[in-house]
Amino acid sequence: MSESSQTPRPQFSQRTKWAKDQAISFLMQQAVENRDVISLAAGLVDESSLPVDECLRTFDGIFSDAAKGRLALQYGTTSGSELLREQLRIHLARQEHCPVDQLGVDSRQFVLTTGSQQLLALVGDALFDPGDICLVAAPTYFVFLGVLNGVGARTIAIETDEQGIKPEALEAELARLESVGELHRVKLIYLVSYYENPSGVSLETSRRREIVAIAHRWSKHHRLFVLEDAAYRELRYDGEDRPSLWGFDEGRETVILAQTFSKSFSPGVRVGYGVLPRELVGPVCDLKGNTDFGSANLNQHLLAGVLSSNRYVPHVEQVCAAYRKKRDVMLQALEREFQGTSGVSWLRPEGGLYVWLSLPKEIGCGFESEMFQLAAKSHRVMYVPGELCYPTDSPCRRTNQMRLSFGVQDAAGIDEGIKRLAAAVRERTAS
Ligand SMILES: Cc1ncc(COP(=O)(O)O)c(C=O)c1O
């Protein structure tokens, strides 16, 4: 018997099983290993928008003063740099169109995280015991579905339309759960309020108010939180500048607002944050303390410097102008390639990074499907299968959709990518 066969096998936690085989890891790996494939899948941002000069200038400002430099290079605190949290209050007040002193939250309610993804994961950890329930928009951000699986939560999808999640469907589901004695297991409603990943839909304004009201109304056993993931809030190309759901939560007790600088500035700096109801700050920071007792302090000082300059807003305007053009290139290419093709439709996003494409119902688009294989292997183009964006057992789940990103490709890459995708779809529909 070999030595290795005598060694007892390791035994991993239940949570590793729940977290197994995340699609995000597969997609990232595919993008890296297949460089000749045009990836309309990757959620990466536009390379040319990345603020190299701005970072150089701001770091220069930090490191040309030795005391400032040392402060930035030292450990920070679990909830993050006070300097940045003060800047975030100003930033949020600008987004909310209100004076800073009327925001209704103090800087302790801002928790800085390693990207907003860490905030989402911490909220998941703070709220869910195995078997607890999260209500999500369908479709929604598939990486958060992974987080929910990872903590053993049950996920129930709520129907959406081109205006976002339907309040009446949300209310009906809560009533159903109450009638079967499960309301006490519902902890959270999760949605991406601006230019949803994957559908590009921005939640209609009156629905924002209604959803907050529903959460208040159904907080019967305990507080029912709403997690407003506003990752794409700053990437608005046209359409209404909508108020946040957070703004409708006057007591600041129900809505958790998650925001990030990944899309508007740089995902590499991994600076995201949550604006939390007061009672959630302690539990989230306790969990974060166990994980890292503070996200990268240096990057927080960088962001504080950028926000306190008058250069952040013009930078975001430039980024939006670049993405607006790329969105239009994708929409024009779709029009050219698919116009009049029966059963093919797509949504026009007013911001964000994604176009949501639907094919005829019978055409499955999942990783194992003929469509995906044809696209990736024969035509060298990749997309995110839409079915990943629904909980697996949901009646809302559809298999004939794809998420197309115009984030990382340049205009020529987007155009060529859609051309290849259309060729793959034509081949698939002819078979
Ligand atoms: C909807 C949504 N939320 C959160 C995130 C996490 O982003 P980050 O951790 O870079 O802030 C992403 C990333 O693509 C996203 O699309």
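This is a predicted model: local features need pLDDT of at least 70, side-chain atom pairs count only at pLDDT 80 or more; totals for chains, interfaces and linings use all residues.
# A walk through the model

At 45% relative accessibility, Phe293 counts as partly exposed. You'll find Phe293 in the loop between helix H12 (278-291) and helix H13 (297-308). Check its backbone too: phi is near 35 degrees, a positive value in a residue other than glycine.

Next, go to Arg270, another stop with a positive phi, here near 50 degrees, and again the residue is not a glycine. Arg270 sits in the loop between strand S8 (255-260) and strand S9 (271-275). With a relative accessible area of 34%, Arg270 is partly exposed.

While you're looking at backbones, select Ala138 and Pro139. The peptide bond running from Ala138 to Pro139 is cis, with omega near 5 degrees. Pro139 belongs to the loop between strand S3 (133-138) and helix H8 (142-150).

Now show helix H5 (residues 66-73) together with H13. Their axes come within 7 Å and cross at roughly 130 degrees. That angle makes H5 oblique to H13. To see who touches whom, pick Leu71, Ala72 and Leu73 on H5, then Asn297, Leu298 and His301 on H13.

Stay with His301 for a moment. Is His301 buried or exposed? It counts as buried, at 11% relative accessibility. Apart from neighbours within four places in sequence, His301 is in contact with Ile62, Leu71, Ala72, Ser81 and Leu83.

From H5, move on to the loop that joins H5 to helix H6 (82-96), and select Ser79 there. Ser79 is buried as well, because its relative accessibility is 16% and the cut-off for buried is under 20%. Leaving out neighbours within four places in sequence, the contacts of Ser79 are Arg85, Phe110, Val111, Leu112 and Cys285.

**Following the charges**

Side chains of opposite charge can pair when their charged atoms come close. In this model the count comes to 30 salt bridges, and a few are worth a click.

Begin with Asp125 and Arg15, whose side chains meet in a salt bridge of 2.7 Å, N to O. Asp125 lies in helix H7 (residues 115-127) and Arg15 in helix H2 (residues 14-18), so the pair ties together parts that are 110 residues apart in sequence. Both ends are partly exposed: Asp125 has a relative accessible area of 33%, and Arg15 has 43%.

Then select Arg380 and Asp36, which form a salt bridge of 3.0 Å, N to O. This pair links distant parts of the chain, 344 residues apart: Arg380 is in the loop between helix H15 (370-378) and strand S12 (381-382), while Asp36 is in the loop between helix H3 (23-33) and S1. Arg380 is partly exposed at 25% relative accessibility, and Asp36 is partly exposed at 48%.

Within it, the side chains of Asp328 and Arg327 meet at 3.0 Å, N to O. Arg327 is buried, with 1% relative accessibility, whereas Asp328 is partly exposed at 26%.

Leu44 is in the loop between strand S1 (38-39) and helix H4 (52-63), and its relative accessible area of 42% makes it partly exposed.

Methods. Residues are numbered from 1 along each chain as its sequence is written. Side-chain values use heavy atoms; hydrogens and water are left out. Helices (H or I, at least four residues) and strands (E, at least two) are DSSP runs, numbered from the N terminus. Buried means under 20% relative accessible area, exposed over 50%, partly exposed in between (1.4 Å probe, protein chains only). Axes are lines fitted to C-alpha atoms, for helices over the stretch in contact, and angles run from 0 to 180 degrees between N-to-C directions. Angles under 35 degrees count as roughly parallel, over 145 as roughly antiparallel, 65 to 115 as roughly perpendicular and the rest as oblique. Contact means heavy atoms within 4.5 Å. A salt bridge is a side-chain nitrogen of Lys or Arg within 4 Å of a carboxyl oxygen of Asp or Glu.
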